[in-house]
Amino acid sequence: MNDIEKNVWRKYQKNIADDNYFFVRSCIRQNFFPASEQAFLKIMRNVLGKNVIEDPKHTTCAGIGYHSDVVTFDTLQTIMGRHFSLMTEAGIKNVAISCVTSFGLYSEVLETWKHFPKELEKTRDYLYKATGRTFEIPENIAHCSDIIYKFRNEIAQKATRKLVNAETGEPLSIVDHIGCHYSKIFPEYGEGGAEFPQVLTGMVSAWGGNSVDYPERRHCCGFGFRQYLVQANRGYSVSNTYKKLVSMEPYKPDFIVSNCPGCTMFMDKWQYTISEMEHKTFGDGNQGVPVLTYEEMAGLILGYNPWDLGLQMHQVSVEPLLKKMGIPYDESLKFADKNGHKSSVPFQPSYIL
Amino acid sequence: MGVLKKKLLEDIRFEEGLQACMNCGICTAICPAAEFYDYDPRQIVNTVQTADDETLIELMKSETIWYCGQCMSCRTRCPRNNTPGYVIMALRKLSQEMGFFTESEKGRQQLYLKRTVGDNVLKYGYCIYPKEVKPEIHPEQGPIWEWIHENRTMVYDRMGGNLDKPGEGPLRAIDKETLNELDSIFEVTGNNEFFKTIESYSEKQAHEMGLQINNTMNCEYVKHINTANEKQHQR
């Protein structure tokens with residue numbers, strides 16, 4: 001790469017802090033993929049030796065309420081100011097954000113404060129009046145997928161397997177979906193910007209997989225906030241996911257990886273809905289295409305137990321993928337409690353077994 | 001300039017979201033909502049740019065401003081760096097403040113959103129909380145979610161969660177002092193008043209429609225706004 005090319009690409013690269021992060025959780029991930037957040041902390045602390053602080057007093061950022069138009073921008077900014085206050089108390093200057101919607105909103109709030117300093121002043125006043133708190137502005141914010149991307153090569157060195165078919169040795173075909181709010185609103189906050197997002201492709205390549213392009217790669221998953229949350233509107237949501245699934249189908253992906261909490265959940269759950277409504281499945285036979293978080297993908301190559309990673313919380317069964325990767329698992333423990341005691345098992349759907 | 005346009009300009013998102021639209025229509029071309037609904041963000045921006053109060057009132061009473069899914073794909077593609085999605089957010093806020101939202105089927109849904117994700121923030125400290133994601137109103141979540149919902153204490157414990165308990169971890173109980181701080185933020189920033197406005201206009205609308213309304217999710221009006229699809233929303 002020559003100097004001109006390097007300069008062109010510089011604007012698509014972001015600065016991600018090396019260490020010492022204040023971790024803020026995602027509402028959707030805590031509900032649907034809690035083990036992924038725990039895997040993030042385990043990888044950061046135990047594999048990479050990084051300092052990540054969690055304060056139980058942090059709350060939702062209220063982003064889903066904000067994008068549903070029932071939480072105002074003043075309120076959102078003040079809740080984020082409170083999180084920065086907790087970060088300041090902890091003596092930390094970098095924020096690691098689990099949720100893509102939150103990440104987009106932290107970016108929006110910081111950009112607003114840069115361009116409209118009176119909004120920052122107003123937020124400081126509101127927060128002080130409401131709680132007596134003050135805060136420092138963080139030096140660095142990053143989505144958790146940015147951080148895993150930054151350390152992808154270190155993770156590869158500690159991995160016990162690659163993203164390959166254990167029988168043939170061929171790289172797995174992996175399609176990605178990046179949450180809209182990761183970089184469509186503020187491209188400079190995303191690795192690769194909105195045009196060349198590298199955050200998931202970089203992990204897939206570093207860990208031996210084959211990242212496959214597809215026509216609707218940048219299309220929204222269809223969450224749409226009110227378009228999913230209200231029952232009457234859910235046709236919007238499932239139609240957009242359907243469009244994506246149809247678009248990736250000819251490329252026969254072994255799995256989908258996403259960095260967004262809602263997108264991961266919808267692309268998993270809507271496969272079930274579509275199979276029941278239309279008798280249509282997107283994987284081999286009556287199977288769906290597994291949808292993994294980036295921590296689940298990292299956990300599998302690091303040799304973590306699939307059930308410790310929470311893969312039993314997915315509607316689309318992951319066992320065909322585990323077999324393909326040669327990963328051992330105990331089927332009898334899939335729905336067991338943490339002591340290995342059996343619990344009830346979920347109802348088996350007609351499709352997506 | 002009309003009074004309502006001035007009010008829209010007070011919203012920072014309106015100021016940031018709309019400089020000078022040249023009506024190229026890229027926002028509509030990229031928009032997932034425009035593919036699904038009879039929806040055209042280009043036309044909305046055009047209306048807002050040129051409108052008087054009467055036209056703006058008509059827009060804020062209409063179904064169309066509620067079709068956007070706020071993916072913000074429009075922002076990435078606009079050659080003028082506008083964000084039609086932000087314009088929509090400013091219109092929706094003003095529509096609720098002025099009480100216009102209850103005039104449309106999609107607008108009336110704001111009470112449902114206020115009583116779910118909105119109230120969850122103050123009640124739990126989370127927008128989404130497992131016991132509120134009830135399988136009977138979320139059949140699309142499938143049998144695995146039903147299993148998680150029924151066995152949630154065991155499942156979250158297995159996943160390293162900390163459901164409803166003090167301390168760190170996923171779904172930990174948010175302590176009383178923190179919830180009080182959130183409530184105080186909502187009070188100081190006017191969000192509690194905004195909630196009351198949504199409730200008050202909705203109550204009036206329920207009476208006009210002859211539907212029973214109370215403070216539960218099981219009343220006729222709330223069930224109606226969550227499920228009604230009586231208007232023609234698609235092309």
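## Domains of chain B

In this predicted model, chain B is assigned two domains. Domain 1 of chain B covers 3–98, and domain 2 of chain B covers 107–227. Their C-alpha centres lie 28 Å apart.

The contact between these domains takes four residues of domain 1 of chain B and four residues of domain 2 of chain B. On the domain 1 side, the residues are one nonpolar, two polar and one charged.

## Domains of chain A

Chain A is also assigned two domains: domain 1 spans 21–144, and domain 2 spans 152–333. The C-alpha centres of domain 1 of chain A and domain 2 of chain A are 25 Å apart.

Here 25 residues of domain 1 of chain A touch 29 residues of domain 2 of chain A. Four helices of chain A each supply at least two residues to the domain 1 side: α2 (27–32), α3 (34–47), α4 (63–67) and α6 (100–115). By class, that side holds 14 nonpolar, eight polar and three charged residues.

## Contact between the chains

How many residues does each chain bring to the contact? Chain A contributes 71 residues and chain B contributes 69 residues. On the chain A side, helix α5 (residues 73–89) gives the most, with six residues.

The side of chain A that touches chain B divides into 29 nonpolar, 27 polar and 15 charged residues.

## A parallel sheet in chain A

Chain A holds an open sheet of four strands. Its order is β2-β1-β3-β4, and the pairing is parallel. Which strands stand at the edges? They are β2 (52–53) and β4 (140–143) of chain A. Each has a single partner strand, so one side of each has no neighbour in the sheet.

Strand β1 (residues 21–24) of chain A pairs with β2(A) in the parallel sense, over two bridges. Within this pairing, A:Phe22 has A:Ile53 of β2(A) as its bridge partner. Strands of a sheet pair through backbone hydrogen bonds, either parallel or antiparallel.

## Confidence

The model scores ipTM 0.98 and pTM 0.97. Chain B has an average pLDDT of 96. In chain B, 100% of the residues score at least 70. Where pLDDT is low, predicted coordinates should not be read in detail.

Methods: Residues numbered from 1 in each chain as written. Chains lettered and ligands numbered in written order. Predicted model: local features only at pLDDT ≥ 70, side-chain atom pairs only at ≥ 80, totals over all residues. Domains from an automatic or database assignment. Contact = placed C-beta atoms within 7 Å. Nonpolar A, V, L, I, M, F, W, Y, C, P; charged D, E, K, R; others polar. pLDDT = per-residue confidence, 0-100. Pairing = 2+ DSSP bridges.
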